[in-house]
Amino acid sequence: MALIVQKFGGTSVANPEKIKAVANRVMECQKKGNQMVVVLSAMSGETNRFVDLAGQMQSIPDPREMDVLLSSGEQVTISLFAMAVKGAGLDAISLLGDQVRIQTDTMHTKARIKSIDADLIKGHLNTGKIVVVAGFQGVTEEGDITTLGRGGSDTTAVALAAALNADQCEIFTDVEGVYTTDPNVCSSARKIDRITYDEMLELASLGAKVLDIRSVGLAKRYKVPLHVRSTFTETEGTWVVEEDKTMESMLVSGVTYSKNEARITFAKVPDTPGIASKIFNPISDAGIVVDMIIQNTRAGDMTDMTFTVPSTDYEKAMEVVKKTAAEVGAERVSGDPNIAKVSVVGVGMRNHSGIATTMFHILSRENINIIMISTSEIKISCVIEEKYTELAVRALHDAFELEKDNLPTEE
Ligand code: ADP
Ligand code: ASP
Ligand code: MG
């Protein structure tokens, strides 16, 4: 008998028929003798609808109230799922984050899990129930509802798999696994059979939303093998696992994009020691994560500072930086929420030159202007205008021939 955690995303539970179909799939798995823990997202579109509703009430919604709202979508799907199971004559129980005591810190809308009460779930499993847990939510020590950040149901599933010492953690979604790029953007995207945690971390951090980055970090830390696969087919998906000797790192493992980026520029700030700290401290205090940073050294004693923040934090960040601009004596601050980051990722890049130049060449051939560039050992990212995202992704995927296996050769 195995203990299996299965997570189904929003499109997998988008309507009553789909919820019933997913319940049938889970019941089949239980009938084979397995103990089943199911993590569900809200019906697709629901969480976005809530974000939109909140925006109609307050320009920057109160974070505590936002979490009360955002967490409600998962409450709907888990209860309907439990009813579907009971309607089919088996037993299930739906549990919210606070009932499973998924305890988090107090950072509303992007809370981090601190602990989970695994015994309570085990108790229900031992009485033969399918346990259905609301993804994406937790509770603070004080009893306030929190959410884990968009896409956070993946993280709930992996955290539960780790806490329960589950035999398998399966992430069911609307594509057949992890691809070399988003298969909904590029038709020649190729499914990857096995990928290491580290490569998946890179892909997720650069925008491949098929897995929430925090779920991958947790899976790596607790050695939980993840199987990402389709809800709608029986096909084997992608295994996210530890590196082993039979796996060679691909030269370029994927092309990713993120439209969740916004640019902010401080123009003409005094180029003096401590300026970066004065600019970035208040942003970090507001709980906003800065990604790329570029500082120009200008002639004279002034400089420009440009950086990116998640577009969901753009308005909050602009409020903060307007205050800072006055304090540090910047000539002006400007921002642009309509940018995107396109990245080429691959561990094999470490020992190969020329990837960056190919990327720049392809973007220029497509007449796409590069606004910012950032590189690390295993990735190159370019910020471009958001409207060119799909064009850039397809052109780069073709240029690096990702539709074929591209293991590095000795040539
Ligand atoms: P779920 O609601 O099941 O959590 P998501 O929408 O969060 O699903 O993630 C699945 C989507 O991720 C796919 O529909 C696809 O468009 C997108 N995606 C982006 N990059 C990739 C990639 N490299 N491989 C697979 N899917 C990707
Ligand atoms: N429903 C949440 C979201 O849309 C969590 C998730 O689907 O993983 O972000
Ligand atoms: Mg998701």
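Colleague: What makes α6 mostly covered?

Modeller: Of the 12 residues in α6, 10 are buried; buried means under 20% relative accessible area, with exposed over 50% and partly exposed in between, using a 1.4 Å probe and protein chains only. The buried residues include T155, V158 and L164. This is a predicted model, in which local features need pLDDT of at least 70 and side-chain atom pairs count only at pLDDT 80 or more, while totals for chains, interfaces and linings use all residues. Residues are numbered from 1 along each chain as its sequence is written, chains are lettered from A and ligands numbered from 1 in the order in which they are written, and side-chain values use heavy atoms, leaving out hydrogens and water.

Colleague: Which residues make up helix α6, and what is its reach set against?

Modeller: Helix α6 covers residues 153–164; helices are DSSP runs of H or I with at least four residues, strands are runs of E with at least two, and both are numbered from the N terminus. The expected span is 1.5 Å times one less than the number of residues. From first C-alpha to last, α6 reaches 16 Å, close to the 16 Å expected. Just after α6, N165 has a positive phi of about 55 degrees.

Colleague: Which strands does α6 lie across?

Modeller: α6 lies across β1, β2, β6, β9 and β11, at about 175 degrees to β1. Contact means heavy atoms within 4.5 Å. Axes are lines fitted to C-alpha atoms, for helices over the stretch in contact, and angles run from 0 to 180 degrees between N-to-C directions.

Colleague: Why do β3 and β10 count as edges?

Modeller: The open sheet has eight strands in the order β3-β6-β2-β1-β9-β11-β12-β10, with mixed pairing. β3 and β10 each have a single partner strand, so one side of each lacks a neighbour in the sheet. Two strands pair if DSSP finds at least two bridges between them. β10 and β12 have three, in the parallel sense, and I195 is the bridge partner of V240 in β12.

Colleague: Why is the pair F280 and F307 called edge-to-face?

Modeller: Rings of Phe, Tyr and Trp (its six-membered ring) pair if their centres lie within 6.5 Å; planes under 30 degrees apart are stacked, over 60 edge-to-face and the rest tilted. F280 and F307 are 4.9 Å apart centre to centre with 75 degrees between the planes, hence an edge-to-face pair. F280 lies in helix α9 and F307 in strand β15, so the pair ties together parts 27 residues apart in sequence. Both F280 and F307 are buried.
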